[in-house]
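Hi everyone, thanks for coming. Let me walk you through a structure that may be new to you, so please have a look at it first.

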Amino acid sequence: MSEEKYIPKSKIAQWFDSRLPLLSMAHHLREYPTPKNLNYWWTFGGILTFCLITQIITGVVLAMHYVAHADLAFESIEHIMRNVNYGWLLRYVHANGASMFFLAVYIHIFRALFYGSYKAPREMIWIIGMIIYILMMATAFMGYVLPWGQMSFWGATVITNLFSAIPLVGEGIVTWLWGGFAVDNPTLTRFFSLHYFLPFLIVGLVVLHIWALHIPGNNNPIGIDIKQRSKDTVPFSPYIAVKDLYALLIFLIIFAGIVFFVPNILGHTDNYIKANPMVTPSHIVPEWYLLPFYAILRAVPSKLGGVIAMFGSLFILIILPWLDTSKVRSAVFRPLYKIFFWILVADVLALGYLGAMVPEGWYLFFGRLATIYYFVHFLLIMPILGFKEKTLPLPTSISEPVLDGKN
Amino acid sequence: MNASYLLLTTIIILLVAFLYLSWIFVSNEIENKDKSKTNRRDFLYTASYTLGAVGVAAAAWPLIHQMNPDASVKALSTTEVDISTIELGKSITVLWRGKPVFIRRRTQEEIVEAQNIKLSDLKDPQDDKDRVKKPEWLVMLGVCTHLGCVPLGNKGDYKGWFCPCHGSHYDTSGRIRKGPAPTNLEIPKYEFIDNNTIKIG
Ligand code: HEM
Ligand code: FES
């Protein structure tokens with residue numbers, strides 16, 4: 001983007017910046033022109049960055065006390081909870097932090113769906129975001145195995161067994177993932193290694209995500225292209241920075257409320273029982289943020305089919321920029337899409353609820369219905385709407401609708 | 001000479017060849033800017049990339065293979081079990097290679113039920129005779145063939161096993177009858193050492 005060349009004031013800073021332009025980069029981030037109409041749904045990017053940093057910091061210190069061994073892991077978690085100074089706090093922040101991270105990412109993704117932020121020229125931002133989301137799920141899944149409780153063990157067993165559905169090589173892949181003939185110590189140690197590593201990979205992808213964002217600039221609630229550095233934009237700092245911080249504070253109040261008052265509300269009591277390879281808990285469920293996918297998995301009455309549907313539901317999201325044929329970005333000007341958007345939200349919430357239920361009778365029936373609708377939304381409704389829908393007239397600038405009434 | 005040395009040598013040879021060819025390629029590029037026709041340089045270009053890819057693949061293999069079961073895991077491959085204390089109609093669960101194995105002393109009723117079934121009614125047709133060495137003793141992996149949970153005994157619509165995870169029903173021979181599991185509960189390799197002892201694995 002066009003930006004006047006930044007020259008630091010002091011001689012030392014100039015010396016430094018001409019050798020390593022970190023100051024120029026900081027300047028770019030401060031001055032970066034942002035649409036002036038960004039609403040609170042745009043604050044979740046900052047919140048997500050905060051969440052990632054929190055997980056890494058609490059994770060690294062937890063790893064100072066945690067022992068990745070099948071005989072000791074469960075005891076080491078109890079040790080963290082009882083003996084380590086503030087260990088309970090660190091663990092509750094890390095465990096609930098994962099939930100808050102996913103809460104934020106889901107809001108962030110649905111924001112993009114509503115305002116059409118995934119459309120040209122922002123496809124790369126969207127695709128990198130999806131890769132981040134998939135890596136987050138992998139990281140959280142492996143983190144949940146580390147305490148080596150009953151849910152850890154059986155969650156790991158069920159999820160890794162998904163790969164056994166692949167014809168011919170499936171069994172080999174599962175043995176390779178386990179490093180044995182069942183989930184056991186080798187599985188735990190490699191999960192710990194990857195759980196430690198993946199978040200740093202995510203950090204790298206976040207950098208790419210933001211880089212890709214800073215090429216076309218932010219989308220905005222009315223979704224029109226705007227000229228950067230015009231009366232439609234404001235510098236990121238202080239305007240957007242302060243708004244992001246305010247939203248982060250509200251988010252932190254909720255986060256702290258959970259950590260201090262109901263730290264186990266999102267957890268499962270079975271995970272306070274040590275892993276036992278001989279007994280499966282009577283009702284195993286994944287963490288809440290994976291439930292919609294779990295519902296899709298179980299909706300299909302065939303093992304391979306269920307696995308394909310589950311991965312397919314993610315893949316469809318990746319190619320969404322090419323499934324949506326509408327030229328108009330924001331749902332504000334798409335009266336029909338707006339309705340379908342809210343139906344999709346309800347559908348995903350329903351899948352999440354059904355994923356936690358025993359798949360029998362009506363639960364199974366609605367699970368199937370919701371699964372079918374999910375695919376119909378992306379594969380039929382989205383492409384067709386672009387041709388059929390009569391969209392509302394777009395304003396030519398952000399200032400226009402605001403100033404209209406006044407002059 | 002063992003396999004890993006062989007592998008290492010191959011990798012080193014390939015890497016050297018790769019470096020040599022890359023060097024030729026780069027020096028050619030510098031000396032001669034003429035790009036009009038396909039020539040020796042293009043050949044070297046392709047050849048060096050191919051060799052490079054082979055080298056990288058060879059180097060990746062140890063990194064991938066280290067995740068497969070190691071020697072100590074594979075060494076634990078047999079377990080001997082005393083079955084003299086199991087009463088009629090009862091079962092025990094033992095751990096073999098980290099997996100639960102059900103050993104059930106079946107009642108006459110269960111055996112009859114398992115044998116008198118039309119094979120065509122089964123999702124994964126298998127005769128009960130092919131699943132046991134002695135009809136009284138059913139030995140099988142307690143691992144649901146759907147996604148690996150441990151099914152519960154004396155439960156389900158077929159009086160055999162029921163998997164609570166996603167609702168698979170198995171009969172008194174451990175054959176899948178209803179639910180998402182694709183195949184019957186697996187029979188491990190085992191033998192009767194004497195009347196009171198089974199060796200699994
Ligand atoms: C993307 C960022 C991350 C996410 C979403 C995440 C998620 C999780 C989850 C869900 C758990 C299970 C918590 C429980 O139920 O007890 C966990 C545990 C753990 N994580 Fe992470 N984590 C992240 C980053 C990290 C990092 C960078 C480390 C650094 C080593 C780390 C170290 C640990 C350790 C040692 C445990 C076991 C202790 C415990 O269970 O509280 N995590 N993580
Ligand atoms: S694991 Fe047994 S039914 Fe799914």
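A quick word on the ground rules. This is a predicted model, in which local features need pLDDT of at least 70 and side-chain atom pairs count only at pLDDT 80 or more, while totals for chains, interfaces and linings use all residues. Residues are numbered from 1 along each chain as its sequence is written, chains are lettered from A and ligands numbered from 1 in the order in which they are written, and side-chain values use heavy atoms, with hydrogens and water left out.

Back to the interface. The contact (heavy atoms within 4.5 Å) takes 26 residues from chain A and 24 residues from chain B. Eight residue pairs, both partners at pLDDT 80 or more, are in polar contact across it. That term stands for a pair of N or O atoms within 3.5 Å; within protein, one must be able to donate a hydrogen and the other to accept it, and residues adjacent in sequence count only if both atoms are side-chain atoms. On the side of chain B that touches chain A, helix H3 (71-75), strand E2 (91-96) and strand E3 (99-105) of chain B each give two or more residues. Helices (H or I, at least four residues) and strands (E, at least two) are DSSP runs, numbered from the N terminus. E2(B) gives the largest share, three residues.

Now for ligand 1. Of the 25 residues around it (a heavy atom within 4 Å), those that come nearest include Pro147(A) and Tyr196(A). Arg91(A) places a polar side-chain atom 2.8 Å from an oxygen atom of ligand 1. His94(A) has a polar side-chain atom 2.8 Å from a nitrogen atom of the ligand, and for His195(A) the distance from a polar side-chain atom to a ligand nitrogen is also 2.8 Å.

Last, the disulfide, meaning a pair of cysteine sulfur atoms within 2.5 Å. The whole structure has one over all chains: Cys149(B) is joined to Cys165(B), S to S 2.0 Å. Its S-S torsion is about -95°, so the disulfide is left-handed.
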